[in-house]
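Dear colleague,

My notes on it follow directly after.

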Amino acid sequence: MKRVNVGLMGMGTLGTGSYKILDMNRETIAKNSGCDIRFKRILERDTTRDRGIEVPMDLFTQDPEEIFNDPEIDIVIEVLGGIEPASTFMLEAMRHGKHVITANKAAIAADYDTFINTAKENNVEFRFEASVGGGIPILNAITTVLGANQFTEILGILNGTTNYILTKMTEYGLSYDTALQEAKEKGFAEPDPTADVEGHDVANKVSVLMALAFDTYIHPDNIPTIGITGITPEAIEEAKHENCVIKLIGKAKKNEDGSLEYSVAPMKLSKDHPLASVSNEFNAIYITGNAVDELMFYGKGAGGFPTGSALMGDVIEIAKKIRMEDK
């Protein structure tokens, strides 16, 4: 069986989830890829933290060059988060002939064209299914089975933190501050939740979705964005009286003249809209194509296993190509 070696950059929640998935589903992954996939090197500073799984110490390194310069490493998974040094590391890996997989929507959205062009120039794959919707396979669907469509609109609940907060405000009458504190206690919100609650995380994801669905890259700074910090209990109640709920929605729409509308903002949705029932930390993407009409993709939008599932799915797809090229 063809051996495919993976370099893992970062072993926090997502890196650990990916490592555990390969460990617990090794036979299934081997069957579906036709390859023996192994983690060969892991870039990580904290080598002693309890991750709930035993990781051989000789896999760890603090030097990214050990991954770039290892000719036996075929694929690099980047889950460090943030724009730098993650972007530099991903580009350097591609320039060394490594295929790259990431969940890093902030890095992708900040410099999408550079990543795509660098991958083409070095004849490697750049895959990022895990960057939007966690375990929801929306990007793969857009680029494969829905590829015969011209897309007209995308509406998405794309951030679990804000959806959890709005759910608690709507269903239990909590104030914004109380709901945010509860989200932090449950691990759904970061200690600094700014990127989530101000809508920046959703703007990154809308940027990625538009690049694939509409073949148009818009930097997230150019997407009009309003978060949920201004949502009051009074606004929630007003929406209820109108038989609506308030959701933070990432939106992109193609008009008849070919122009694009895009935004991130709280929206009132009628309670009979499919997105209205998406609660707590769950994500959903509602997409319209001129052939398939309306579809909704729903699931867990974050977490080690859901996002790790998407990361390892990309690993399998690349491994299959490596195996076919070697025939």
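P85 has its place in the loop between β4 (73-78) and α4 (86-95); helices (H or I, at least four residues) and strands (E, at least two) are DSSP runs, numbered from the N terminus. This is a predicted model, in which local features need pLDDT of at least 70 and side-chain atom pairs count only at pLDDT 80 or more, while totals for chains, interfaces and linings use all residues. Residues are numbered from 1 along each chain as its sequence is written, and side-chain values use heavy atoms, with hydrogens and water left out.

The peptide bond that joins E84 and P85 is cis, with omega at about 5 degrees. Most peptide bonds are trans.

G82 is also found in the loop between β4 and α4. With a relative accessible area of 39%, G82 is partly exposed; buried means under 20% relative accessible area, exposed over 50%, and partly exposed in between (1.4 Å probe, protein chains only). Leaving aside residues up to four places away in sequence, G82 touches N104 and A107, where contact means heavy atoms within 4.5 Å. G82 and N104 are 22 residues apart along the chain, and their C-alpha atoms are separated by 7.1 Å.

**Helix α6**

Which residues of helix α6 (residues 112-121) are buried? They are Y112, F115, I116, T118 and A119. Seen down the axis of α6, these buried residues fall within an arc of 165 degrees, so they line one face of the helix; the arc is that of the directions from the helix axis to the C-beta atoms. An α-helix has 3.6 residues a turn, so residues three or four places apart point the same way.

The exposed residues K120 and E121 are carried on the face of α6 turned away from its buried side. The cover over the buried residues of α6 includes α4 (86-95), α5 (105-110), β6 (126-127) and α11 (200-213).

**Two asparagines with positive phi**

N123 follows α6 and is found in the loop between α6 and β6. Its phi is near 55 degrees, a positive value in a residue other than glycine. N123 is exposed, with a relative accessible area of 69%.

N280 is not a glycine either, yet has a positive phi of about 55 degrees. This residue is found in the loop between β9 (260-270) and β10 (282-289). N280 counts as partly exposed, at 24% relative accessibility. Most residues other than glycine have a negative phi.

**The chain as a whole**

The chain has 13 helices and 11 strands. Its C-alpha trace spans about 60 × 50 × 35 Å along the principal axes. A compact globule of 327 residues would have a radius of gyration near 20 Å, and the 20 Å of the chain agrees with this; the radius is taken over C-alpha atoms, and the globule rule is 2.2 Å times the number of residues to the power 0.38.

Buried residues make up 51% of the 327 residues. Among contacts between residues at least 6 apart in sequence, 69% join residues at least 24 apart.

The chain exposes about 14,900 Å², of which carbon and sulfur atoms supply 46%; accessible areas come from the Shrake-Rupley method with a 1.4 Å probe, and for residues only the protein chains shown count as cover.

With kind regards
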